[in-house]
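Dear colleague,

Please find below the structure that I am handing over to you. My findings follow directly after it.

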Amino acid sequence: MSAESSHAHEHHWEWSQAPFWVVAGVFFLVPLTFAAYFQYQNPLLAAIFAGLGTPMLLAGIAMWVNEGLTVKPLIADVAGIGLPIFIISEIFIFLSFFVAYWMMRLGADVWPPEGTPEFPVTLPLIMTVVLLSSSVTIHIAEEKYAHNDHGGFVKWLIFTMLLGLMFISMTFYEYNHLFHEEFYPDTNAFGTIFFSLTGFHASHVIGGLGIFVCVLIPALRGLTNKTFITCASIYWHFVDVVWFFVVSQIYFW
Amino acid sequence: MSMQTFKEWFFTTDHKRIGIMYLIGSMTAFVVAGMMALLIRLEQSQLGPTITDNPNEYNQWLYFHGAAMVLAFLIPGLTGFFANYFLPLMIGAQDVAFPRINAFSIWLFYGAIILALLSFVIPDPPDIMWTGYPPYSITTMGNTAYYVFTLHLLGFSSVLGAVNFLVTVIYMRAPGIGWNQLNIFTWTTVAAFVLQLVFIPVLASAVTMLLFDKYLGTNFFNPEAGGDVLLYQNLFWFYSHPAVYVIFLPAVGILFEIFTTMCKNRVFNYKACVYGGIWGIVGISGFVWVHHLYVSGMPDWLRIGQMVTTLLISVPVGLMVMSMWGTLYKAAITFNTGMLYAISCLFLVLSGGLTGIPLALTAITVHLSETSFVHAHFHFIMAMFSAFAMFGGIYYWFPKMFGRYADGKWATTGFILNIVGVHVTFVPLFIIGAQGMPRRYWDYQMFPQFEPYHQVATLGAFMVAAGMSVTILNWIICAFKGKVAPENPWKSCSLEWTHAPNCPQAGNFPNPPTVTADWSPYGYADREANLKATTDPGFPGAAKPAE
């Protein structure tokens with residue numbers, strides 16, 4: 001509900017512009033841009049669609065976050081239940097990619113297939129430590145918040161985001177390294193599964209960081225919402241747990 | 001329309017208005033996809049090129065018809081419109097748990113519809129049916145990306161809807177409503193949303209792999225580089241078979257609401273229907289998808305195992321059908337248009353279900369697979385049973401939504417044209433399917449003997465077109481000019497009738513209900529006691545217990 005729609009009545013028709021603009025942004029930014037670039041091979045058109053979509057998406061998210069922080073929900077605290085339910089479906093996405101991996105790997109004569117370079121062992125371990133510590137720091141941030149230490153909350157939230165950024169940079173570093181060794185998504189079955197699983201996980205880390213940005217910016221102005229923080233933290237822990245499966249299946253099997 | 005009214009509709013987060021927007025969107029998809037069906041039937045009405053000499057054009061009609069009917073009409077109609085409008089009312093809630101996410105879902109749905117409609121104007125539209133099997137979907141010049149993103153948008157919309165409604169049913173039931181006091185429609189919708197939540201991500205992953213394979217050169221489905229082409233079929237049907245139950249279950253739920261009200265009777269075998277029937281289907285649904293791959297080849301242990309699980313599905317379905325008949329048994333039945341559609345569904349589920357048995361049997365299915373027998377079988381369940389249940393539901397809840405009746409001679413005319421038309425269309429397809437008429441083909445030069453059957457089927461399709469035109473026009477006219485209905489015109493015991501006024505306003509209930517353990521949505525045996533087991537509805541015209 002926006003401020004201008006308030007009436008004296010007990011009930012009024014609730015409305016919000018935020019969902020519309022988020023979807024409009026996504027619509028331009030993903031299907032139209034992707035198809036313009038890859039299907040119709042028209043980079044200019046793709047750039048126009050992306051340019052239209054991005055501001056809509058950002059405006060929509062900003063509106064939504066603002067309403068989430070200022071408008072009282074119909075019933076309190078159920079988002080902390082809704083998010084885990086949503087995570088069930090996320091688990092099934094990852095599971096499908098793992099199934100694809102297992103089917104390819106168990107059906108193959110030799111593994112890893114020809115053309116696969118030697119994989120580093122230290123880097124994934126460092127990445128694991130970094131992501132694991134970020135789960136600890138976000139937990140500390142939540143504790144600080146629970147004890148009304150706003151400054152401490154912001155500080156530990158920023159630590160978490162820095163660790164997340166470190167993780168992403170290491171992913172890109174590794175991709176770059178593998179590209180130099182002529183290992184691409186289309187090289188062989190392992191390239192396909194390696195880049196899609198780690199890339200998919202990395203996209204979730206980036207999504208988690210995006211959620212943290214949405215928590216951090218209002219928090220710097222003193223606006224916070226406990227449920228929102230809990231959800232962001234649950235999501236981050238989930239992304240962390242998925243990494244254990246990714247790293248054990250991809251690097252250490 | 002003032003700017004304020006416009007905003008309150010267009011940007012609404014109210015579950016009833018979102019429901020109406022789902023209804024408009026899904027009926028639009030139904031009309032356009034129905035026209036595609038007519039084009040398909042016209043093309044088949046004569047040997048050789050009839051209305052197009054370009055098979056690709058025919059493929060695009062097939063693509064739009066299949067994709068839009070399943071993904072943009074049936075699923076959003078049932079889990080979007082019916083669940084949105086009536087589920088919160090039935091459980092005595094003021095709205096869903098996350099109203100903005102609900103609005104987000106409807107816009108994702110409209111995004112998908114726009115993307116699907118764009119396929120009529122873009123160059124190289126998608127031409128891969130609603131299944132999108134590789135390798136064709138990867139090698140085609142057609143725009144597979146739009147197909148993939150249409151599924152992504154719809155899938156995301158459904159998953160968020162599932163989260164929303166599961167939380168709503170768990171946390172927002174009116175005080176006092178226990179699990180065994182829920183409407184069957186609520187149960188079936190919850191079950192459908194559980195299926196959506198678990199299975200849609202698998203479909204989304206499958207089509208994402210398709211997207212990567214086509215545009216980024218990955219090797220998921222490329223056997224030359226270690227991929228597996230059958231992986232797609234497995235992942236696709238792992239969702240798309242349960243998708244049938246996502247459609248079937250809420251349709252059954254609607255039928256129960258109509259039957260109980262019009263028979264003034266409780267649900268026969270409520271617990272067997274809910275825990276055995278509805279949850280039995282949910283339990284087995286994840287273990288039957290391989291029967292869509294019989295022809296693709298598999299080891300015998302898997303083939304026979306899947307035959308057994310597929311046949312097992314008839315047990316929970318049987319429990320539900322038995323509950324329906326038991327509810328009708330010795331009841332004082334009121335016949336109206338909603339009830340006509342509901343009764344016809346009893347017949348449609350029987351003929352649709354029985355023709356499924358030969359398709360489940362591994363020995364016979366190799367002969368019947370990819371013939372129009374399959375095509376007629378699933379049209380009986382999906383297109384006829386489920387759609388007729390929806391139409392019945394629209395007539396049944398019409399007074400609730402618009403405060404007016406939609407029944408009358410036009411409604412009956414539409415019904416008769418529809419029920420006769422669908423049989424004239426699909427019975428010939430059963431016959432020629434059993435004799436080997438391949439499905440999906442643009443032309444059938446090899447089988448000139450089937451031409452008269454196709455002509456009868458085409459005639460039937462036009463009867464349905466006439467029936468649906470009458471029906472939809474009747475709805476539109478009656479929504480504004482129909483005979484005004486009193487509160488609770490069917491004398492139902494369910495909360496959406498007893499405690500919410502017709503055309504519910506924001507907040508739904510003038511006096512949000514509370515119930516005791518004696519209350520039941522099907523408490524017809526003693527209405528007085530049932531009304532006393534709830535709070536006063538608090539609006540003029542509502543039934544109140546005698547003091």
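B:D14 and B:K16 are both buried. Their side chains meet in a salt bridge, with a distance of 3.2 Å from N to O. Please bear in mind throughout that this is a predicted model.

The count of salt bridges over all chains comes to 4. One of them links B:R100 to A:E67, and the closest N and O atoms of that pair are 2.6 Å apart. This pair crosses between chains: B:R100 belongs to helix α4 (residues 99–118) of chain B, and A:E67 belongs to helix α2 (residues 43–70) of chain A. Both B:R100 and A:E67 are buried.

Are B:D300 and B:R303 buried or exposed? B:D300 has a relative accessibility of 54% and therefore counts as exposed, the cut-off being over 50%. B:R303 has a relative accessible area of 16%, so it is buried, the limit being under 20%.

I turn next to a pair of helices in chain B. The axes of helix α15 (residues 372–402) of chain B and helix α17 (residues 451–481) of chain B come within 11 Å and cross at roughly 10°. Because angles under 35 degrees count as roughly parallel, α15(B) and α17(B) are described as roughly parallel to each other. Which residues of α15(B) and α17(B) meet? From α15(B) they are B:F391, B:I394, B:Y395, B:F398 and B:F402, and from α17(B) they are B:M468, B:T471, B:N474, B:W475, B:C478 and B:A479. The residues of this contact of α15(B) with α17(B) divide into 9 nonpolar, 2 polar and no charged.

Two residues of helix α17 deserve a separate note. B:N474 is located in helix α17 of chain B, and with 9% relative accessibility B:N474 counts as buried. Leaving aside neighbours within four places in sequence, B:N474 is in contact with B:Y395, B:A406, B:W410 and B:A411. B:P452 also lies in helix α17 of chain B, and at 46% relative accessibility B:P452 counts as partly exposed. The C-alpha atoms of B:P452 and B:S45 are separated by 8.0 Å, although the two residues are 407 residues apart along the chain.

An unreviewed UniProt entry gives the annotation "domain: Cytochrome oxidase subunit I profile" for residues 9–516 of chain B. In the model, that span of chain B is 70% helix and 0% strand, and its end C-alpha atoms lie 36 Å apart.

For chain A, UniProt (unreviewed entry) places the feature "transmembrane region" at residues 20–38, 44–66, 78–103, 153–173, 193–220 and 232–252. Residues 20–38 of chain A are 100% helix and 0% strand in the model, with end C-alpha atoms 26 Å apart. Residues 44–66 of chain A are likewise 100% helix and 0% strand, with end C-alpha atoms 34 Å apart.

Yours sincerely

Terms used:
Residues numbered from 1 in each chain as written. Chains lettered and ligands numbered in written order. Predicted model: local features only at pLDDT ≥ 70, side-chain atom pairs only at ≥ 80, totals over all residues. Heavy atoms only, no water. Axes fitted to C-alpha atoms, helices over the stretch in contact; angles between N-to-C directions. Helix = DSSP H or I, 4+ residues; strand = E, 2+ residues; numbered from the N terminus. Parallel < 35°, antiparallel > 145°, perpendicular 65-115°, else oblique. Contact = heavy atoms within 4.5 Å. Nonpolar A, V, L, I, M, F, W, Y, C, P; charged D, E, K, R; others polar. UniProt positions renumbered as here; feature names shortened; annotations may be inferred. Buried < 20%, exposed > 50% of the residue type's maximum accessible area, 1.4 Å probe, protein only.
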